[in-house]
Amino acid sequence: MSHFCNPCVYVAYLGEHSGNRNPEEIEDQHHSYLRSVKGSQEEAKASHIYSYKNVINGFSALLTPEEASKLSEMDGVISVFRSEARELRPQTTRSWDFTYLLEANGDPSRVSGDALLKRANYGKDVIVGVFDSGIWPESQSFSDAGMGPIPSSWKGKCEAGVAFTSSNCNRKLIGARYYAKEYEAIYGPVNSQVDYRSARDKDGHGTHTASTVGGRRVANISSIGGFANGTVTGGAPLVRLAAYKVCWKLPNETSKDACYDASIIKAFDDAIQDGVQVISVSIGGDRGYPYASDGIAIGSLHASKNNIVVACSAGNNGRNGSSTVTNVAPWLITVGASSIDRMFPSTIVLGNGLNIQGQTITPFSQMRNQPLVYAGDVEVPGTTSSSTRGFCLNGTLSRSLVRGKVVICRFGGVDQSAEVGRAGGVAAVLGKPPIDIFQVAPLLLPGLTITYADVNNAISYTRTSRNPTVTLNPGTTVVNVSPAPFMAVFTSLGPNGIEPNILKPDITAPGLNILAAWSEASPPTSSPYDNRIVKYNIVSGTSMSCPHVSAVAALIKAIHPDWSSAAIRSAIMTTARTTNNVGNPITDARGNVANPFHYGSGHFQPSKAADPGLVYNATYNDYLLFLCYARSRLVSNCPNVVPSPSNLNYPSLAIANLNRPITVRRSVTNVGAANSTYQVKIEQPLGYSVNIFPSTLRFSQIGEIKSFNITVQATNTAQRNVFTFGSFTWSDGVHLVRSPIAVSSS
């Protein structure tokens, strides 16, 4: 999401700090760089926005493209890139219950969620940083009742601002910071009608993600109208939370927030110094970005060096096809989104007896025998064209023809329901593609969504009946729906557009219709016509799935505090499942069998992730070698020979453009039983031969490392430029350590 600017905000990345310089000396150095391109100390200081002074070395400033180019050529400058705005795009009572039930293959007697939480002490004293739109601290989800003192390892602060004081933090929400300088350099001072100049959340997105990670258990919570009622909880309810507000509502844009690279890097620099152990980043883009110009990639690289787990959303651009996945750096966890086993069915019965099922979380009582019209037949003349007829666009419906009637809109959501209400309609029946029908939002008047095919049937009825009528039956909450999960239609897809030899996304988790805490300054939908206030809200997106994985990372951190961030990622990935709650392969939203470009390793299984048997470890130096191969500006002093990206000790295997047999190496560390023997089973990708040697690994102690080679070659049935998928799984009879394979040939 770019905007026109000249000058624009640029980030100058200088690597990491060395020596013991104080903050003033660091900022003086940054000003000297700016003075060299600006010409005077006054201009340098006026253009300066942030200095990164803790772990990350760099700064951001207002520069022209020419000044940025000049700066990039100076000694000590690794990269200079424009600070892009990433968007927040939102697209829980049940998601955790479903996750643990799925892991138990549907057998309630085998559900192990409580055992995992007790083993992890509910994540107690693990500190999770949430980079987002801020937080609503008064939510019951952030109560600190019964929580002990703040961990002594915490070095952060609770930053005061508009409608936010230090007393808004507590033993649950232990820290809060906000980053407004870059936003204000572009748009001027924060308008209090648009957003709070503080860590307080005006959007709802940040409150939702924070409570999904670590919200307390709160009973009898539901969305508007009582839907999804139950006990809402975060995945790790006793973690400590720190909110880093890097996303701001844009002026004159009710539904968009911008999260800028320069602010994100500053938040990483602070969070690392503050002592966080897990960082949850529900911020994405429309694609992957080169590492040297990606604020999340740069910040998370430094976090990985400090053994901090970083989980990020994969993005919500799956409708646009392949290579839409974002946040693709191999040192972070990239999370796709899938459904849970809960739906909200509602029905309409046409006057001719035809029963049509849809979905709704809009509260209403039964409405019997209401007059029914099609929007395309009740429009103000001249307000639509052949391509927009029947869409219930703003200002198109005739009050005299709509008043007191139920209106069928060929396509729609909250804004279309508002138009029906404006024209005096009593309810709306809204069309959606079948792949979108299960993604719900509370409408502004009674109504439901149905498929396009059913819309056409209803329209035909209105045109063949002299007095068409309809009965609307209220929605209900239904759980234990199957098949579940299926991949959400919006979840962004692989292959990795930056480095296809690293498989992304890594994992999937619940992201469809997730109930969690919400800002009381934000309506439950992004519609400009929505003035409702809620404390909890149902929304969808990879933004919602990401904090589920962050929570599991925190639980594993609590159980295994000595594990590296790579080991925790490996544990989550290698224990995932690729089947749904009826034992069949997970599908996409269209019902087709999904693959690793949808879900990476599969759907996460938290209890199994705490006991993975083996882990694939990787170090900061491994990531630097990876960057050497990529010839990234983030690294220098590379060896003459560097391993291919496929050789990174990653828990999955991707090989793109194979043109000859290739052998890659992997190493696993034993974290299960001291004396154990693992044997490998290979699921061959169609058109390829995969061999692993040795095929048996024998361990005699915990922490022991064993290596093996994987040789991949094409057969005469391989299709060129088409990825096919397989897997290899190590098992000792107790643990299944599974890695997906994606391979294509050129």
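**Helix packing and domain layout**

Helix 13 (residues 542-559) packs against helix 14 (residues 565-574) at an angle of about 120°, and their axes lie 10 Å apart. Helix 13 is therefore oblique to helix 14, since angles of 65 to 115 degrees count as roughly perpendicular and those over 145 as roughly antiparallel. The crossing of helix 13 with helix 14 is right-handed. The model is a predicted one.

On the helix 13 side, the contact is formed by Val549, Val552, Ala553, Ile556 and Lys557. Their partners in helix 14 are Ile568, Ala571 and Ile572. By class, the contact residues comprise 7 nonpolar, no polar and 1 charged.

The protein chain is divided into four parts: domain 1 (8-82), domain 2 (95-339 + 485-600), domain 3 (345-473) and domain 4 (652-745). The centres of domain 1 and domain 4, taken over C-alpha atoms, are separated by 45 Å.

Two annotated regions were also examined. An unreviewed UniProt entry annotates residues 9-88 as "domain: Inhibitor I9". Over residues 647-743 the chain is 61% strand and 0% helix. Here the end C-alpha atoms are 14 Å apart.

Technical notes. Residues numbered from 1 in each chain as written. Predicted model: local features only at pLDDT ≥ 70, side-chain atom pairs only at ≥ 80, totals over all residues. Heavy atoms only, no water. Axes fitted to C-alpha atoms, helices over the stretch in contact; angles between N-to-C directions. Helix = DSSP H or I, 4+ residues; strand = E, 2+ residues; numbered from the N terminus. Parallel < 35°, antiparallel > 145°, perpendicular 65-115°, else oblique. Left-handed = near helix turned anticlockwise from the far one by under 90°. Contact = heavy atoms within 4.5 Å. Nonpolar A, V, L, I, M, F, W, Y, C, P; charged D, E, K, R; others polar. UniProt positions renumbered as here; feature names shortened; annotations may be inferred. Domains from an automatic or database assignment.
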